[in-house]
Amino acid sequence: MGGGASVNAEAFLVINNDNVRIVSMGNDNSPVSKLVDLMPGIIDKVNGFIVKRKDKKAAQNEAAETSGEYYDND
């Protein structure tokens, strides 16, 4: 008697610069699978929005300091 095992690739992890994606090898079209595929892009967009907002607030505060005013835009 002998034992055997097989390994099948289910997905690949693709890393390109700062972008990471999971590429599925199967035909899994479930909503959860699609959400997992979209999550890195959503996180990048949210982080970009937060950085832009912080930069804008910093620029407003810097301009206000030079003019003697102060803005608190929380």
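Here is a quick tour of a predicted model, from its overall layout down to a few residues.

Before the details, some bookkeeping: local features need pLDDT of at least 70 and side-chain atom pairs count only at pLDDT 80 or more, while totals for chains, interfaces and linings use all residues. Residues are numbered from 1 along each chain as its sequence is written, and side-chain values use heavy atoms, with hydrogens and water left out.

**Layout.** The protein chain comes to one helix and two strands, in the order β-β-α from the N terminus. Helices (H or I, at least four residues) and strands (E, at least two) are DSSP runs, numbered from the N terminus. Of the 74 residues in the chain, 4% are buried. Buried here means under 20% relative accessible area, exposed means over 50%, and partly exposed is in between (1.4 Å probe, protein chains only).

Strands S1 (residues 11-16) and S2 (residues 19-24) run antiparallel and are joined by six bridges; two strands pair if DSSP finds at least two bridges between them. Asn16 has Asn19 in S2 as its bridge partner. Two residues sit between the strands of this hairpin, and Asn17 in the turn has a positive phi of about 55°.

**The helix.** H1 has 37 residues and reaches 52 Å from first C-alpha to last, close to the 54 Å expected (1.5 Å times one less than the number of residues). H1 also bends by about 40° at Leu38, with Pro40 following within four residues; the bend is the angle between axes fitted to the seven residues ending there and the seven starting there. Ser33, Asn61 and Ala64 are buried in H1.

| Residue | Relative accessibility |
|---|---|
| Met39 | 34% |
| Gly41 | 35% |

Met39 counts as partly exposed because its value is 34%, and Gly41 is partly exposed too, at 35%. The C-alpha atoms of Gly41 and Val20 are separated by 9.1 Å, with the two residues 21 apart along the chain.
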